[in-house]
Number of protein chains: 2
Amino acid sequence: MSALHRSLPSLRSAVTSRSSSLRKALQDAPHHHQYRFASRTTPAQHVRSDPMTGEFIGLKELDARSLLIQKTQSPKKPPPSQSLVFGANFSDHMLSVPWNSATGWSAPTIHPYSPLQLDPSAVIFHYAPSLFEGMKAYKDVNGKVRLFRPDMNMKRMNTSADRLALPTFEGEQLITLIKKLVSLDKAWIPSEPGHSLYIRPTLIGTQAALGVGATTDALLFVISSPVGPYYKTGFKPVALDADPSRVRAWPGGVGQFKLGGNYAPGIKPQMEAAKKGYQQNLWLFGDQHLLTEVGTMNLFVVLKNADGSIELVTPPLNGMILPGVTRDSILGIARDHVSGESRLDDLPANLVVSEREISMGEVIKASEEGRLVEMFGAGTAAVVSPVDRVGYQGSDIHIPVGSDGAGEIAKAMLKRISDIQLGRVEHPWSVVVEDL
Amino acid sequence: MSALHRSLPSLRSAVTSRSSSLRKALQDAPHHHQYRFASRTTPAQHVRSDPMTGEFIGLKELDARSLLIQKTQSPKKPPPSQSLVFGANFSDHMLSVPWNSATGWSAPTIHPYSPLQLDPSAVIFHYAPSLFEGMKAYKDVNGKVRLFRPDMNMKRMNTSADRLALPTFEGEQLITLIKKLVSLDKAWIPSEPGHSLYIRPTLIGTQAALGVGATTDALLFVISSPVGPYYKTGFKPVALDADPSRVRAWPGGVGQFKLGGNYAPGIKPQMEAAKKGYQQNLWLFGDQHLLTEVGTMNLFVVLKNADGSIELVTPPLNGMILPGVTRDSILGIARDHVSGESRLDDLPANLVVSEREISMGEVIKASEEGRLVEMFGAGTAAVVSPVDRVGYQGSDIHIPVGSDGAGEIAKAMLKRISDIQLGRVEHPWSVVVEDL
């Protein structure tokens, strides 16, 4: 047995005692307890072996069965629904699961919402190993709590984690944990139409060391925030600044992953667009000025083709496009309509669905020929966000939005997705959270 | 006077009292005190006006004169120099300067090294508003402390901050503060040859809110870490994996800024290179497979041209290349040699300096014709890092490194830069830190 293996019993007991200290900390400090998540791990610790045989026994998987719950002793009153600002208020509890490369995932804990305490050298502050998801919990017509396609978020979260050399996990385990969290904070889900509880799973690297490499420590946490409807007083179509000098993503880059580092660089272009009178950026790519995304949303363009058909176009998942859950849902609804699997009266009978490249040249030509029918963004926050104007190379392209501010396809998609999310129509995408 | 202006006296006094609470906290909690940096600021607070006249008086600038120093009551013993691992040990003190969009920069504080406490919704965890610099303090031959071109770091840090809509500052103020920090932790600067105190200025967004936008709160902090020589036992040339499928930066992107988000995505490619037997990635760009950077360093290639001249080539600052301080220093030394301003015996008499694009095709051709003289990375950690092999499209290009593992130009640059850093030759790039 090597020296490395001989040192493992003491390492294992250190881990066990860390876990019991955590339990103790949770009992002793009901309010404002803080976690120290960063720790220094030497490479020698990166092996987990049986202390008796020295055999490699693998890392501990994320396991919802080992959940510890510590309820708040001082529940807050959720703010009035009409006062909600996106992502500004947080529910009473949060979920935390530390990970270490020597031991794997620790026992998950649901505990009072509280600050994170991290060493100033923690890699998250320096090299941005960070990724997140956006999900929503809804109260349905019968008061039941529902999630929308959480498996899609888990799949993408693991893809992002793998890309940043952060730990992956079994998606079903985190869905179970999120259900528990949402159940516990059920009072924080506003029940007014269009309201929901926004759920933010986040994964960060926390190793306290400045070397650039795979982190030895990470923290998975989930917070949630009650949010109001995106459109309080009807649709508000947005104007987009299509400036080809700002490029969001690139082939061989990381645009198709939901990484923190993809978001901060978009803030200044958005501020510059706002100065010019546009609400968001239309991100272009390449010499042909291909349309890719809009702000932090996926993009859909609707064209009337020469044969009279209505074509719903969205850029393909070519490595530069975030694989949005709403994007995928819109494509699925449209394809089920076309195939006859689930026809919808408010979608065109002659609809064609295309995941394909589309350039500014094609958009301009369609506009000039009166064939540019609609344009909209798609994402979890708004579901759909109609576009009525695109500023490009000094002039504006105007896009029809109808008298109520949204095109027919955008409206049909919003209605169908909302119906599914709220259980007004039964659909496998909507997952009921049983009281836990 | 508007309602907004009328509310300002109370806001101002809140700011003042926050500042005195900080002073009090510093006095009361000599050990393990923690800061809560995240706060929720409403847009209405984004104006700072004179409480009497209502006139806009601007935000408070970063001001070294308002520094508060709280020395540790329990100084640690610096670890033995031979045991140092890069970025794993930290000195007794750190610098913190919070910023808020309503008030500007708070008074800087130097205080014991201690964890940061941040709300789990703080934007740093979600959208990666983070940037940093790498600098070093050296003990010179007379025991004086020296910094190397700190103005270059300040300039780049402000450029990065502006790109992420984070606050900027007057570089001289932060240099003064860093000098104070380094002075206070002088015992942490190892005096053995090749050793130094690595300094890590960092700026992060800390607003506790999930909306994607310019942060209302930020934290500038500086930590430092004693480091040993990069080459303990002579040069160790590295082998590079030149895989064009992984792209570090692109035109219109953020590769020329020192952002946290540029680093985490490089970790997995580095791990994949390691599996194939290479130490680092050679980052290529475009159809011509242009060479851009190596790992987290700038790149230099030395060619022997047809006319017999020796050409030192580095990719130009075209928006994809980090403007490295070592890169700039190597170019400066080479140009001073060529111009006669400061000729060096160990550089070729017929040297030509080129900031220009160079492709893998050109490198292969030069190698085949026996004209590929040297290749090396350049950065703060190693100064120069010789390359002896590049794996590209299934075969290896071998590059001469000489019997001691480094080429002549790399060695000449390392010697010259080290001489300046350590004050062995007087040069305006080397800044003496007077005892403060």
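Analyst: Start with the contact, which draws 61 residues from chain A and 60 residues from chain B. Keep in mind that the model is predicted.

User: What makes a residue count as a contact residue here?

Analyst: Its heavy atoms must lie within 4.5 Å of the other chain's. By that cut-off, chain A supplies 61 residues and chain B supplies 60 residues. The area buried between the two chains is about 5100 Å². Carbon and sulfur atoms give 64% of that area.

User: Why is the pair Lys268(A) and Asp162(B) called a salt bridge?

Analyst: The cut-off is 4 Å from a side-chain nitrogen of Lys or Arg to a carboxyl oxygen of Asp or Glu. Lys268(A) and Asp162(B) are 2.7 Å apart, N to O. The pair therefore qualifies. Between chain A and chain B the count is two salt bridges. There are also 21 residue pairs in polar contact, both residues at pLDDT 80 or more.

User: What lines the largest cavity, and how much space does it hold?

Analyst: The largest cavity holds about 440 Å³. It is lined by 36 residues, and those closest to its centre are Val254(A), Asn262(A), Trp250(B), Val254(B) and Asn262(B). By class, the lining has 19 nonpolar, eleven polar and six charged residues.

Key. Residues are numbered from 1 along each chain as its sequence is written. Chains are lettered from A and ligands numbered from 1 in the order in which they are written. This is a predicted model: local features need pLDDT of at least 70, side-chain atom pairs count only at pLDDT 80 or more; totals for chains, interfaces and linings use all residues. Side-chain values use heavy atoms; hydrogens and water are left out. On a 1 Å grid over the protein atoms alone, a cavity is a set of points where a 1.4 Å probe fits but cannot get out, and a pocket is an open set with protein on both sides within 12 Å along at least five of seven lines; lining residues have an atom within 4 Å of a point. Grid points are joined across faces, edges and corners, and a volume is the space filled by probe spheres set on the points. Ala, Val, Leu, Ile, Met, Phe, Trp, Tyr, Cys and Pro count as nonpolar, Asp, Glu, Lys and Arg as charged, and the others, Gly among them, as polar. Buried area is the accessible area (1.4 Å probe) that two parts lose on being put together, summed over both. A polar contact is a pair of N or O atoms within 3.5 Å; within protein, one must be able to donate a hydrogen and the other to accept it, and residues adjacent in sequence count only if both atoms are side-chain atoms.
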